[in-house]
Amino acid sequence: VNFINSHNRGISLGSRIKIRSCLFVKHCSAMNFSRLYSRLSALVGRPKANPKLPSSINIALRLYGTTRTTGSDGGDYAILAPIKHGQPKPGVENGPYILKQFLPAKVRTIDPLNGMVFPPQGCETFTVTTNSVPIKNPTAVGKSNEALHRSIVDESEKLMGTYKRLPSILTLGGDHSLGIGSVSAVASICAKAISKRLPNLPFKDPELVVIWVDAHADINTPSTTMSGNLHGCPLSLLIGLDSKTWRELESFNWAFDSKYLPPGKTTFMEAGRLAYIGLRDLDDAEKDIIADKGIVAYDMSAVNAADRNMTKIINQCLQSVDPKGTRPILLSFDIDAIDPFYAPSTGTPVPGGLYRGEGAQIIEILKATGRLVAMDLTEVNPNIGHEYDVFRTLETSKDLIGALYK
């Protein structure tokens with residue numbers, strides 16, 4: 001410890017050990033880091049591994065201490081959404097149970113999917129009439145998102161009745177297919193908040209704006225997906241693309257039911273209310289959809305062309321999707337939007353992404369509008385990579401959550 005401290009490798013040793021300097025990584029492999037970290041952790045009494053818990057949970061316990069206790073009922077809440085069937089890699093379902101440790105005490109957590117049982121990943125497929133690629137796990141994805149939608153709507157309505165205001169909603173995933181349940185619920189809640197004439201609402205127009213921060217567009221339809229993984233398809237359902245084929249997947253029929261949709265609407269959101277930031281890995285069909293619908297898209301080349309000025313980028317996005325500044329905003333943030341140097345523990349990393357601090361900037365700028373009503377944080381998979389990979393990803397996630405509640 002004295003040697004490391006004397007060489008100024010960015011290690012602080014106290015109640016917790018946190019290694020923040022990437023210079024240190026250049027001088028030890030991930031395996032050496034893991035052994036060294038375990039020895040240093042023992043010096044300050046980190047909890048020992050519990051064989052009954054997943055390895056990712058044990059890593060979090062060693063890194064951050066004991067699991068967070070439930071917050072107080074102050075009106076704001078976080079939904080734990082361990083949805084995993086939208087993609088094939090195990091572990092993403094552990095994400096929300098680790099990420100909740102970074103929530104402030106005032107934020108209460110809800111676990112609506114606890115107890116729901118689905119077949120293991122990959123056990124169910126369904127082939128639609130318009131695509132030879134089988135859709136994977138449609139029942140699990142559809143039913144879990146319906147439960148997520150109901151939970152967000154029910155909890156928000158209860159809190160609106162109690163506190164006479166729209167609560168702040170954070171959904172912790174889980175894979176990005178959870179955007180189906182999250183966005184659909186928030187769209188409905190914003191419409192209900194207007195109809196209830198809640199005082200001091202930060203928006204006048206209930207039509208939801210969605211800022212989708214992601215390396216991928218997630219706008220394939222069941223007809224165009226080349227993988228069959230539904231975490232690449234949520235936006236097509238939300239904006240009403242290929243509805244006939246979506247209806248072939250019976251577990252998504254709820255998304256066409258008027259009792260789930262915003263009043264008077266046939267879709268949860270309009271394509272013209274969607275903006276992307278951070279894109280860099282798109283299928284050809286997605287490129288065609290984005291061009292055809294005129295969707296605002298700041299891919300990484302556009303981000304670089306704007307000198308990575310997040311204020312400028314977000315202002316231009318909002319000017320397109322909410323020119324009068326009167327609509328509620330939902331930020332759906334996939335951790336793979338961040339460069340894998342800072343967030344490697346995710347299922348589909350793509351080099352050349354946002355810097356760690358830029359993600360927090362996006363949240364802070366949107367929060368400053370006063371109209372950011374909800375946020376998703378998805379695709380953190382603590383089962384992927386070495387312990388230091390998990391640490392970097394969790395520290396980046398901690399920054400993002402911290403920016404929301406700053």
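**View 1. Contact between helices α12 and α13.** Met310, Thr311, Ile314 and Leu318 of α12 meet Glu358, Gln361, Ile362, Ile365 and Leu366 of α13, where contact means heavy atoms within 4.5 Å. The residues of this contact comprise 6 nonpolar, 2 polar and 1 charged; Ala, Val, Leu, Ile, Met, Phe, Trp, Tyr, Cys and Pro count as nonpolar, Asp, Glu, Lys and Arg as charged, and the others, Gly among them, as polar. Helices (H or I, at least four residues) and strands (E, at least two) are DSSP runs, numbered from the N terminus. The model is predicted: local features need pLDDT of at least 70, side-chain atom pairs count only at pLDDT 80 or more, and totals for chains, interfaces and linings use all residues. Residues are numbered from 1 along each chain as its sequence is written, and side-chain values use heavy atoms, with hydrogens and water left out.

**View 2. Crossing geometry of α12 and α13.** The axes of α12 (residues 310-321) and α13 (residues 356-368) come within 10 Å and cross at roughly 50°. Therefore α12 is oblique to α13; angles under 35 degrees count as roughly parallel, over 145 as roughly antiparallel, 65 to 115 as roughly perpendicular and the rest as oblique. Axes are lines fitted to C-alpha atoms, for helices over the stretch in contact, and angles run from 0 to 180 degrees between N-to-C directions.

View 3. Strands β7 (residues 169-173) and β12 (residues 372-378) pair in the parallel sense over 4 bridges, and threonine 171 has aspartate 376 in β12 as its bridge partner.

**View 4. Backbone features in two loops.** The peptide bond from glycine 173 to glycine 174 is cis, with omega near 15°. Glycine 174 is found in the loop between β7 and α7 (179-195). Aspartate 218, in the loop between β8 and α8 (234-238), has a positive phi of about 55° although it is not a glycine.

Notes: Two strands pair if DSSP finds at least two bridges between them.
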